[in-house]
Amino acid sequence: RNVISKHLSGGQKRRLSVGAAMCGSSRVVLLDEPTSGLDPAARRSLWDLLQREKKGHIKCLIPTSFQVRVMASGSSMGFQFAFNIGFCMAFVTSFLVLFAIKERVSGAKLLQRVSGVRPAIMWTTALIWDWFWLFIVFIAIIVTLGLFQENTLATPAELGRVMLVLIIFAFAMIPLHYLASFYFEASATGFSKMCFINIFSGCMPFLITEVLRLPEVGNPYYAHIFDWVFSPLPIYCISRSFRDMSVSAFSLLACDALCAQLPGVNCTRFTVCTKLNVSVCCMEDDPFLRWSEPGIGRYLFTMTLVGLISFTILLIKEYEILNKVFYSESKHGLPALVADEDSDVANERQTVRAFTRNELTQHSLVCRDLTKYYKDFLAVNRLSFAVHKGECFGLLGINGAGKTSTFRMLTGDSRLSCGDAYVHGLSLKTRIQDVHRHIGYCPQFDALLENLTARETLKIFCLLRGIPVKVGSARAIQLAEMLGFFRHYDKKVHECSGGTKRKISTALALLGDSPLVFLDEPTTGMDPASKRLVWRCVSEAAAGGRSVVLTSHSMEECEALCSRLTVMVNGQLYCLGPLQHLKNKFSQGYTLIVKCSSGADRDATVAKINQYVTDNFRDAKLIETYLGISTYYLNDQDLPWWRVFHLMEEARSQFPIEDYSVSQTTLEQVFLRFTRNQGRGD
């Protein structure tokens, strides 16, 4: 009794502390593990004392290590669950960009828009479908949690709160990934980059705030600031929500356990908070969805707001509202006209400029100084031409001449740098949605959904264009038979050959009653018989009053289909007019091909024939000689056909000529004459 306290043993100090607590007239005594460190006899003696004092109406509240274990396990489990869910969602939601990127890059999205699908409808249905797909994943998570019956993640109310957070999280993430898909050109690249972006923009901020919340190593003040800074990030919000819900649930469990040790006393969490000064119990009975911490109301609100804002931005981008309101032409302005512009091209430009509004509506397509810059590179240089109703207009040019860039502008896939174009009087700048109702489009590369059959593909696009099912099915079968792919009608697209895919793409362009059809190299990869089937369909469309704008590398195709054509070189028009007019205007006389008989002195004979042609034909020009075959241009406009044959028959009597041929200038020669200039302006 008289020994100084510091000299007492641990058990004696423990009994001294209990005795000090029992002194006085307190009605409630709080004893924190009073028997800790006592031997069995001392522990038994202390129990007897507590029993006697209990009969004296002193309430002994004895928190054991249970509450400590509950709070510790709650903190650890809440963190693990929150972090792991956030990390998992970073990967799961990254799949959302795969199809969006593929659909845009392949051209399938543009083809759907040209077919009449409005951006609001397209993206809303995509959001609903992706949300439904994620909902299945969420159901799997809820079922797994329900089977394991972990504390705070077992009751219907607790699992319902988890599902609520996941649903709102999906609404926030889906539009964000749609927006992100515009910045990637490959699906695999987009997926991998979005995984890293989601991890570093969601999981890492969650770890940062968790560390700052630890009093030993962080600063709760800065943690609160960063919490608001990171709150627009959905993955951070979902991790933070699960963390706070878990901590709140375990805190309620611990506080209820404290009250359970006070039988006969009206103990509530408020009592524990105020009377016993236990701060973790200072919360409402249902704190989970409150705005202030530890409620998660602010995180749910932020995720909902992020979803609404991102979806609104997506629609603004797709409808090009900012372009319509703040439209400004390229900083480069219209380039200067070339001094030696072809007379037909110049006349067409003047005619197009003079069109009134009523005259614009009478033409299927009018391009007025259509210009496209890619940064400082001029890809399309002031195209001006008009396409009449029922006309097949050919747009020729080698690769890189600007044909595809022109088509991209005319279909709304690319912004116009300068100038404008009108489809039945509708401006591409301001009324692109209405323009899509008037056009059909076959892109250069097949923009088909690989997992659908030809029948399903045509049926879908019939429905998109508002064609009744019966009428659309009959028209689809008719096109399949006319284009020669009916036997592949029920094959999946990825099982079809390249030529069959081109036929399906052509059928999609000709489907419906679009008055203007764009065909970008429709017969690429087709055999000669299939090409003629396509030509017949295009000719019938033009004969029926539909206008067709065609690009092709086949001179034969243009001669068979086009009533007028133009040749593009370095992004500008070098000639324009009907085929025969171009032949006459740019004719180089006749083309003479002479084949010398083989023999030991063939080279000497070729030289003599060359001299004979030079002496007898004015302005004769040797183009090439190869293996005894010589090609000449006879640039004499007054030279009659009979004179050419007469002189060549005399040559056959003098020299060993096996055969010869004489032909008028072909479209290919006119084409090659201009395309030699491609690249000289760079």
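What follows is a walk through a helix crossing and the aromatic contacts of this predicted model. Local features need pLDDT of at least 70, and side-chain atom pairs count only at pLDDT 80 or more, while totals for chains, interfaces and linings use all residues. Residues are numbered from 1 along each chain as its sequence is written, and side-chain values use heavy atoms, without hydrogens or water.

Start with helices α6 (residues 119-148) and α7 (residues 156-180). Their axes come within 9 Å and cross at roughly 145 degrees. By class, their contact has 21 nonpolar, one polar and one charged residues.

Now the rings. The whole structure holds 22 aromatic pairs (Phe, Tyr or six-membered Trp rings with centres within 6.5 Å; stacked under 30 degrees between planes, edge-to-face over 60, the rest tilted). F79 and F83 are stacked, at 6.1 Å centre to centre and 15 degrees between the planes. They sit four residues apart in helix α3 (residues 65-92), so about one helical turn separates them. F79 is partly exposed at 28% relative accessibility (buried is under 20%, exposed over 50%, partly exposed in between, with a 1.4 Å probe and protein chains only). F83 is partly exposed too, at 22%.

W123 and F182 form a tilted pair, because their centres are 6.3 Å apart and their planes lie at 55 degrees. W123 is in helix α6, F182 in the loop between α7 and α8 (187-213), 59 residues apart. W123 is buried at 6%, and F182 is buried at 17%.

F182 also meets a charge: the charged end of K317 sits over its ring, 4.8 Å from the centre (NZ of Lys or CZ of Arg within 6 Å of the ring centre and within 35 degrees of the ring normal). R161 lies over the face of F288, at 3.7 Å from the ring centre.

Conventions
Axes fitted to C-alpha atoms, helices over the stretch in contact; angles between N-to-C directions. Helix = DSSP H or I, 4+ residues; strand = E, 2+ residues; numbered from the N terminus. Nonpolar A, V, L, I, M, F, W, Y, C, P; charged D, E, K, R; others polar.
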